[in-house]
Amino acid sequence: MTALSAVALLALATGCAGPAGPSAGANGEPVAGGILDVSISAEPGCLDGHGISATQQQFLGRLIYDNVVTLDEDGDIAPYLAESWDVSEDGRTYTFHLKQGVTFSDGSPWNAEVLGQNFEHMRDPATKSPLAAAYIAPYVDGTVIDEYTFEAHLAYPYTPFLYTLAQSWLGMNSGKAITESPETLCQEPIGTGPFTVADYRPGQSISYTKREGYDWAPEWLEGDGAALLDGVEVTLVSEPVIRHQSLASGQYDLTENLAPQNAAAVQADPDFTYENLPRTGSPYVLSFNLGRAPFDDLAVRQAFAAAVDTKAVTDSLGFGTYTPIDGFLSKESKYYDPTVEGVLAHDPERANELLDDAGWTGRDDEGFRTKDGKRLVVEVPTVESSTPSPLLVQLQGEARKAGFDLQIIQLPQAQLTELRYAGDYDALAGVWHTNTTDVLFIRYHSSEITGERIGQNSSYVNDPALDELLATARKADDGPEAAEAYAKAQHRLLEIVPGVPLYENPSQFAYATTVQGVAVDTSHPVPVLTYAWKAE
């Protein structure tokens, strides 16, 4: 997932709330009906969660998909399409007892055979999964015990398994569609969720229609039966300023990604509800490529980290809504160790000393450091846009103070993806949200370097000591052993310095107060609209 950029500053006054829907009853009880108009900042290009890693799937996936399990309001694993499960003593066999009577929107049934089909679809090379396949990597195979009992066999104990199955990218697809027409799932996904896709126009809009007969929402949603809304209309509005204006004017009822520069105006308006919720997992990080110069040199990595004033960068980009961080794990994540704080401190003097010691003692006529006649260049590719990424522009200025020439390379998305998977870059700005601390394995274990499958270790970290800690942590039961391994891993990352941690990954959204019953997912802090409704 690439970093989301802040854009041009513009303060706007908010207007009236969104267009009126059905009136609430006299006693304030919800009333069914109406269409909810939503604007989103980006469109994933595919609606099959197994084949994408797009941030927007956290929100969009909850409209059409259900999961094997869920996280309840306290963040604990709870039943969903599986009513219960058993885990063997060695932690390698999970036996799922599935809910009966559930159907997909194509009329096909949910059962044990379909669960196995979904696991295979996630890891099928044809799916080209950038995320779901990695999350179930320890899965070896499964056995259908009976129609509603499935036994999953893992290569080794993998405590994050249930947490990953609760994530929106691992929602359940129709087994019939997987077998007969898997190529259609991007455009016409078939789930068991509260809405169905009526019309999908990539790059423009998605129309969702209420699923009649839906009656298996998770308990934490505190609702029964079908959704209350008749449908949800989702429109791509890429420009943050326009997203805010159209929300304020009432064109849209909800926006999924409110720009930080508009947060104060929305917060001050009683006609709107504003949420700013940190996501668990990895914060925003400028990740170094340790597999090539100049960041194959630890001293250069340490120098870059010391040169960047992350608080100044955060304040400039976040307009008071971002939280700076100096570790490689979100503070909201389980097993976050606060003793990591203060190690990667802004220290310009130390940055200069480290670069001198590393041999970058020369200066060219533009003031950039040189070594053996070669300039200290850091190339950072990013997706092309009308203006360079404000985040990278900020980092460019910070790094220049120590003599780094950070060059922003704007590329079409396809070419950027090609470079990413080829490892042909010096650094990348990005973020990785997941509901489990196993994000450290996904981002920094050597097995996650891109090879036979798409890996997410974009820093090319290959450290045996770190590998051992991360393997121990993912095999350990929740408790002291996992806590100790994760704490040591966080400190080991501070020694390796695979990048510069910048700020927490926020989920910022807003909606008109005429919209009621909006729940917030605990796996991903995004709005869930299953039992949302509209009032005057």
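Does Val497 count as buried or exposed, and at what relative accessibility? At 1% relative accessibility, Val497 counts as buried, where buried means under 20% relative accessible area, exposed over 50% and partly exposed in between, with a 1.4 Å probe and protein chains only. The model is predicted, so local features need pLDDT of at least 70 and side-chain atom pairs count only at pLDDT 80 or more, while totals for chains, interfaces and linings use all residues. Residues are numbered from 1 along each chain as its sequence is written, and side-chain values use heavy atoms, with hydrogens and water left out.

Val497 has a positive phi of about 55° although it is not a glycine. Val497 lies in the loop between α15 (480-496) and β20 (499-503); helices (H or I, at least four residues) and strands (E, at least two) are DSSP runs, numbered from the N terminus. Lys128, also not a glycine, has a positive phi of about 55°. Lys128 sits in the loop between α2 (112-123) and α3 (132-135), and at 63% relative accessibility it counts as exposed.

Strand β13 (residues 281-288) holds Leu286. Leu286 is buried, with a relative accessible area of 0%. Leaving aside neighbours within four places in sequence, Leu286 is in contact (heavy atoms within 4.5 Å) with residues including Phe304, Val380, Leu392, Leu395, Leu428, Pro498 and Leu502. The C-alpha atoms of Leu286 and Val431 are separated by 8.7 Å, and these two residues are 145 residues apart along the chain. In the loop between β13 and α8 lies Pro294, which a cis peptide bond joins to Ala293, with omega about 5°.

Next comes helix α10 (residues 348-357), in which Ala351, Leu354 and Leu355 are buried. Seen down the axis of α10, these buried residues fall within an arc of 95°, so they line one face of the helix; the arc is that of the directions from the helix axis to the C-beta atoms. An α-helix has 3.6 residues a turn, so residues three or four places apart point the same way. The exposed residues Glu349 and Asp357 are on the face of α10 turned away from its buried side. Just after α10, Gly359 takes a positive phi of about 95°.

The buried residues of α10 pack against α8 (298-307) and β15 (369-371). The angle between α8 and α10 is about 160°, with their axes 8 Å apart. That makes α8 roughly antiparallel to α10. Axes are lines fitted to C-alpha atoms, for helices over the stretch in contact, and angles run from 0 to 180 degrees between N-to-C directions; angles under 35 degrees count as roughly parallel, over 145 as roughly antiparallel, 65 to 115 as roughly perpendicular and the rest as oblique. In α8, Ala299, Val300, Gln302, Ala303, Ala306 and Ala307 meet Pro348, Arg350, Ala351, Leu354 and Leu355 of α10.

Ala312, Val313, Ser316 and Leu317 of α9 make the contact with Pro390, Leu391, Gln394, Leu395 and Glu398 of α11.
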